[in-house]
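Visitor: I have not looked at this one before. Can you put it up and walk me through it?

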Amino acid sequence: MARESSYLWPYPVEFEKETRITCDVAVFGGGLAGCCAAIAARRKGLDVVLVDKGGIIHSGAAGAGVDHWMSCPANPASRISVADYMTIKNSYDNLISSYINAADSYEVLTELEQLGVKFRDTEDEFRGAAFRDEASKLLFAYDYKTKYNLRFWGRTLKPALYKELKRLGVRLFERVTVTDLLTADGKAGSAVTGAVGFDARTGMNYVFSARSSVLAMSTPDRLWIFASEWTGLTGRDGPPVNAGNGHAMAYRAGAEFVRMEASSHEEWGGSTGIGSVMFGSGTAFASYYPMSLCDANGKPVPWKDSQGRPIQSFSERVIPKDGFFAFTSGGGEGGASSFPSPDLGGAHALPLYADFPSMPPAERRAIFGLMIGNEGQTYPVYRNLTRAGFDPDRDLLQVYGLGDAPIGWRRLRGGGLYHDWQLMTNLPGLFAAGQQIFDGMGCSTACTNGRWAGSFAADYAKAARKAPLPVPVEAQVRSLQQRYLALLDPSRDLPWKELEAGIAKTMQDYCGDRLNDELLRIGLLALDEIEAGEARTLSARDPHELTRAIEALDQIDCARLVMQACRARTCNVPGLGFSRLDADGSSPDCWIGIRQDNGQVISRLIPFIDPNSLAASYAARRDAVAKLADKPAK
C-alpha cells in the first residue's frame, strides 16, 4: 500500500508540464564554484544559465558562511611564493587546481572585494594584533609568520555573488533538481549537451540544452553515515544536501574519476559527524585554532609540535621556527599536518574546556566573534551562545567529541572528476570545478577554479556557435525523466530515508576501516541487490520527497564508484587514508581512473603530473581567464 501524505503540499503539482531552456553555457550547482563559473562565462558575453536545487543566495557548502580563505601565497603580506606553497603538495594532490588557486587566489579576493565581500579589517578592530598586516589590513590564520591563509567575513560571500549574478543577467533556476546529463547521441561517453531535471516545488520537468556545461555540485558527504534527525549528519564541510548528485550523474554519463578510494575518519575535534554540530564546542581545531584548553580543574592543557615536542609559549603555536605550518599530504586537511596541537596524552580531569579568558584579547575576539560568527556551521552556535549571555571574556566553553568515529564510519576525501588544464573532463563540453573535481576542497579553490572553468566553458561554447545548438535526443530525455517520475507510482512504499540508511550500512560493513577484495566484492553485490530490490520500491509523494529520493538513488552509484576504486587500488597509500589487508603493491604509484562504458567498469593507471610543468602550463592559459569584477578593490 502506498504511503499517504500527512500534510498538504503548498504548491501546484505540475509533473505533466515541461519547460525547455537553451543557452550557451549551463552551470549545474550554485555554490561558490558554480556562481564564479557563471559570472566568468557571462563576462565573456555569453548567455548563461545557473541551476541549483536550493536558493542560490545561501546554497552550497559556504552558503551560510565561511571563515578561512586558504592557500593565498600571492597576497602582499605573504612571505612565501607560489612555488614555495607548491612544495607541500604531493603527487596524489590535484596539482592543476592547487596551482591555479595559489596563483589566482589573491586576484580573485580583490575582485570579490569589489563585489562587496569583506576581507579587510577596515574598522581597525584588530589593530596591532599579531595576525594582522597593518599595511593591507588583512587578517591571517594558523601561521602568523608566512601569512598565506586568511581570516575573513565569509557570511558576505554568497550574497555578494548572488547580487552580481542578478546584475549581470545570468538566468537563475533555483530549487530545480538536476538528475542526469544529456549527451550528443544519447549514449554514455559522448559530448555533454545539457541536462534534465524537475522543479523541487512544483515538479515541472526541465530540459536544458547548452553548447557547454559546468558541473559544480558537491562531493557525496552521506555515504557512510546517515540519519536525518542527527544535527551532525554529514560531518564538517557541508550541508546535509551534499549527496553527490553531480558525481553520480557524471559517472552514469561516462565521466572519469580519480581518488575515489580516498577516505578517512574525522580528525580530533572533527569527529562530530555522529550527532553533534561541527565546531559547536571549543576545540583547538579549524575555526578555533589556536584555542587554549584547560581541564575541569582549570589546569592548562599543554601543546606539542608536529614532532611531539613540548611547546612552551602561545607564540609557538602560530610562529613556526622553520619553514611554515602546512597540511602536508593527502589532499588538504585529510592528510598529515605540521601544525602544533594540544597534547592530550597526559592526565586531565574531564571534561575539557575552551579557555577563552586566558587567551590574548585579540585572539579571543577573533575566534569567538570573527571566526565562529562567520563559519556557516558555527554561526548558529555563536548566535545562540550570545543570546544566552555567553561572554568569552569570562566564560569557558565545554569541548565535545574527543574520540574518533566508530569503525566503518568514514568520509570521502577528495575523490572527484579527472580533468585537463582547462578543467574539462574526458566528456567533451563538460567542465567541472569546486568539490566536483578531485581534491577540490576549500572556498578559495572553489572560487578560483570556478572562474577558470567558466572561462574555458565560455570559450568552448563560442567555438561551438559555428554549429547549430545541440538538439536533445528525445529517447534519452524520456528515459531519464521516467527514472524519477517512476518514483511517484502509488504502488511504491519505501521511504527515501530507509533506502539511504541501508546504503550507509552497506558501506560501513563492506567498505570501512578493514578492506580486502572479498569484502568489496560482496559489497558491490549488495549494492546490486539493493538497486534491483529495495530501490524499485522507493517512493515519493511530492516534489520535495522526489528530490530526496533521487539523492538516495545517487548514493548507490557513488557507493559503487568508491568500491570499484578501492578494488582497483591494490597498494596502501597512507596519504589517502587508504589501506587493504590484502594489499600486494601491484598497482604502482599513480592515480586510478574509474569510469563506466556500457555498464562495464573501466579502470586505468594515470601517471602523475610533472610538477616542473605547472608554471608553464598555467601561464599558457592564464590570459584566457575572465575577471569576476571590472577592477580590483582599493
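Guide: Start with a pair of residues: Thr-177 stands opposite Phe-198 in E8. This is a predicted model, in which local features need pLDDT of at least 70 and side-chain atom pairs count only at pLDDT 80 or more, while totals for chains, interfaces and linings use all residues. Residues are numbered from 1 along each chain as its sequence is written, and side-chain values use heavy atoms, with hydrogens and water left out.

Visitor: What does E8 pair with, and in which sense?

Guide: Strand E8 (residues 192-199) pairs with E7 in the antiparallel sense, over 7 bridges. Helices (H or I, at least four residues) and strands (E, at least two) are DSSP runs, numbered from the N terminus. Two strands pair if DSSP finds at least two bridges between them.

Visitor: How many residues of E7 are buried?

Guide: For strand E7 (residues 176-183), 8 of the 8 residues are buried, so the strand is largely enclosed by the rest of the structure. Buried means under 20% relative accessible area, exposed over 50%, and partly exposed in between (1.4 Å probe, protein chains only).

Visitor: And strand E2, how many there?

Guide: In E2 (residues 48-52), 5 of the 5 residues are buried, so this strand too is largely enclosed by the rest of the structure. Val-48, Leu-50 and Asp-52 point one way, Val-49 and Val-51 the other way, and all are buried.

Visitor: Which strand is joined to E2?

Guide: Strand E1 (residues 18-28) is joined to E2 by 4 bridges, and the two run parallel. Within that pairing, Phe-28 stands opposite Val-51.

Visitor: Where else does Phe-28 turn up?

Guide: In the largest nonpolar core, which has 155 residues; Phe-28, Trp-69 and Leu-112 are those with the most contacts inside it. Helix H13 (residues 543-568) gives the largest share of this core, 13 residues. A nonpolar core is a set of buried Ala, Val, Leu, Ile, Met, Phe, Trp, Tyr and Cys residues joined through side-chain atoms within 4.5 Å.

Visitor: What does Trp-69 touch?

Guide: Leaving out residues up to four places away in sequence, Trp-69 touches several residues, among them Val-108, Leu-112, Phe-119, Phe-152 and Cys-447. Contact means heavy atoms within 4.5 Å.

Visitor: What about other cores?

Guide: Apart from the core of 155 residues lies another of 38 residues, including Ala-141, Phe-339, Phe-390 and Leu-397.

Visitor: What is Leu-397 opposite?

Guide: Ala-354 stands opposite Leu-397, which is in E17. Strand E16 (residues 353-354) and E17 are joined by 2 bridges and run antiparallel. They belong to an open sheet of 3 strands in the order E12-E16-E17, with antiparallel pairing. Strand E12 (293-294) and E17 stand at the edges with a single partner strand each, so one side of each has no neighbour in the sheet.

Visitor: Switching to helices. Which residues of H12 are buried?

Guide: Leu-520, Gly-523, Leu-524, Ala-526, Leu-527 and Ile-530 are buried in H12. Seen down the helix axis, the buried residues fall within an arc of 160 degrees, so they line one face of H12. The arc is that of the directions from the helix axis to the C-beta atoms.

Visitor: What do they pack against, and what is on the other face?

Guide: The buried residues of H12 pack against helix H11 (496-510) and H13. The face turned away from the buried side carries the exposed residues Glu-529 and Ala-532.

Visitor: Now charges. How many salt bridges are there?

Guide: A search of the whole structure finds 54 salt bridges. A salt bridge is a side-chain nitrogen of Lys or Arg within 4 Å of a carboxyl oxygen of Asp or Glu.

Visitor: Which residue does Arg-622 meet?

Guide: Arg-622 meets Glu-107 in a salt bridge (2.2 Å, N to O). The pair links distant parts of the chain, helix H14 (residues 614-622) and helix H3 (residues 95-115), with the two residues 515 residues apart.

Visitor: Are they buried or exposed?

Guide: Arg-622 is buried, with a relative accessible area of 14%, whereas Glu-107 counts as partly exposed at 25% relative accessibility.
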